[in-house]
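User: Hi! I am new to reading protein structures. Could you go through this one with me?
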Amino acid sequence: MTATKGLEGIVATTSSISSIIDGVLTYRGIDIDELAEHATFEEVAYLLWYNKLPTTSELEELHNQLNNYAAIPDQVIDQIRLFPKNTNSMAALRTAVSSLALYDDAAGDMSQEANLSKAIKLQAQLPTIVAAFARIRNGQEPIAPKKGVSIAHNFLYMLTGQDPDEVAVKALDQALVLHADHELNASTFAARVTVATLSDIYSGVTSAIGALKGPLHGGANEAVMVMLEEIGSPANVDAYINEKLENREKIMGFGHRVYKNGDPRAKHLQKMSYELGQLTGRTDLYEMSTKIEGIVTGQKGLKPNVDFYSASVYTSLDIARDLFTPIFAISRVSGWTAHILEQYENNRLIRPRAEYVGPVSQRYVSIEQR
């Protein structure tokens with residue numbers, strides 16, 4: 001047996017949920033470009049769970065379920081109040097999601113119907129958790145979810161207490177579509193490994209959030225925003241980026257292990273970044289981003305990935321930097337739960353082997369002789 005570092009190039013399972021073939025990302029066979037331009041996030045979530053786009057009545061029923069499930073138990077709110085004020089936002093989300101299982105009587109019901117219901121419930125409740133955490137740490141009271149609006153609208157409403165404008169809702173909704181699934185990425189794999197033991201769906205999603213928390217996965221867009229803040233102005237881009245490149249430092253938001261010719265999601269976020277910059281007057285974020293792209297792509301041949309322009313998009317929506325990765329989770333829970341349901345349908349314990357590289361022919365030495 002020979003190990004492959006990072007399992008790169010290893011095909012670990014079969015899946016009909018999403019694919020990346022020749023640089024083209026699809027959900028259930030539909031190109032991400034089509035979905036980003038035409039579908040709502042709720043349509044995409046339905047597609048991932050049910051393997052088809054919903055009819056009008058099916059989409060209406062899903063909206064009703066999401067609205068009915070969106071409130072979270074008071075006990076979870078009380079728990080969030082007890083978190084230290086400086087708690088990492090993803091640690092808070094991970095803990096709160098794990099706690100949801102304690103207040104779900106069907107948490108241990110492993111029937112397909114119950115698990116699908118829990119997938120919808122998790123999708124509905126993650127935005128409520130993130131918004132509640134954001135407000136509580138700022139000394140504000142959580143805002144109850146609103147009936148009759150989309151997930152994107154509801155999240156922005158629960159953050160601010162005000163109905164967001166249509167451009168902001170559309171921007172966030174499209175960002176959620178673009179982040180919904182991405183084949184067998186680290187967090188999705190973590191979720192599938194967990195539930196392959198026949199653990200429950202809450203455990204699987206908690207594992208996924210733990211994996212997404214790492215800066216090499218979900219935290220990259222936050223790191224991009226740190227970089228933009230350090231640069232401060234389009235006039236400072238050349239000196240800052242060239243110094244980083246000369247010192248062989250990594251520029252966050254560029255390159256991808258799977259995409260060699262560019263991330264197909266990035267162009268949609270770039271357009272969104274421009275439009276929101278024009279709307280809010282924060283054109284400096286877009287200008288800095290495009291200048292950085294020009295230098296890095298020109299000198300290194302690396303193209304932006306989904307994280308790069310999402311940083312300026314979320315900042316233009318007046319969302320705190322450390323909520324970027326939780327928003328990623330709000331979207332990706334649709335894909336995680338779709339993969340968990342698929343794993344349950346044709347399960348086999350995931351148990352790879354390791355190439356042993358330690359010492360051999362060792363003997364036990366009694367403690368008196370050590």
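Predicted model: local features only at pLDDT ≥ 70, side-chain atom pairs only at ≥ 80, totals over all residues.
User: Which residues does H153 touch, not counting residues up to four places away in sequence?

Analyst: Residues are numbered from 1 along each chain as its sequence is written, and side-chain values use heavy atoms, leaving out hydrogens and water. Contact means heavy atoms within 4.5 Å. Beyond residues up to four places away in sequence, H153 touches D163, P164 and V169.

User: Why does H153 count as buried?

Analyst: Buried means under 20% relative accessible area, exposed over 50%, and partly exposed in between, with a 1.4 Å probe and protein chains only. H153 counts as buried because its relative accessibility is 15%.

User: Which residues have the most contacts inside the largest nonpolar core?

Analyst: A nonpolar core joins buried Ala, Val, Leu, Ile, Met, Phe, Trp, Tyr and Cys residues through side-chain atoms within 4.5 Å. The largest one has 110 residues. Those with the most contacts inside this core are F155, I241, I292 and I319.

User: Which helix gives the most to this core?

Analyst: Helices are DSSP runs (H or I, at least four residues), numbered from the N terminus. With 13 residues, the one that gives the most is helix 6, residues 112-137.

User: Leaving aside neighbours within four places in sequence, which residues is I319 in contact with?

Analyst: I319 is among the residues with the most contacts inside the largest core. Leaving aside neighbours within four places in sequence, its contacts are F155, L156, L159, Y314, F324 and I327.

Technical notes:
Helix = DSSP H or I, 4+ residues; strand = E, 2+ residues; numbered from the N terminus.
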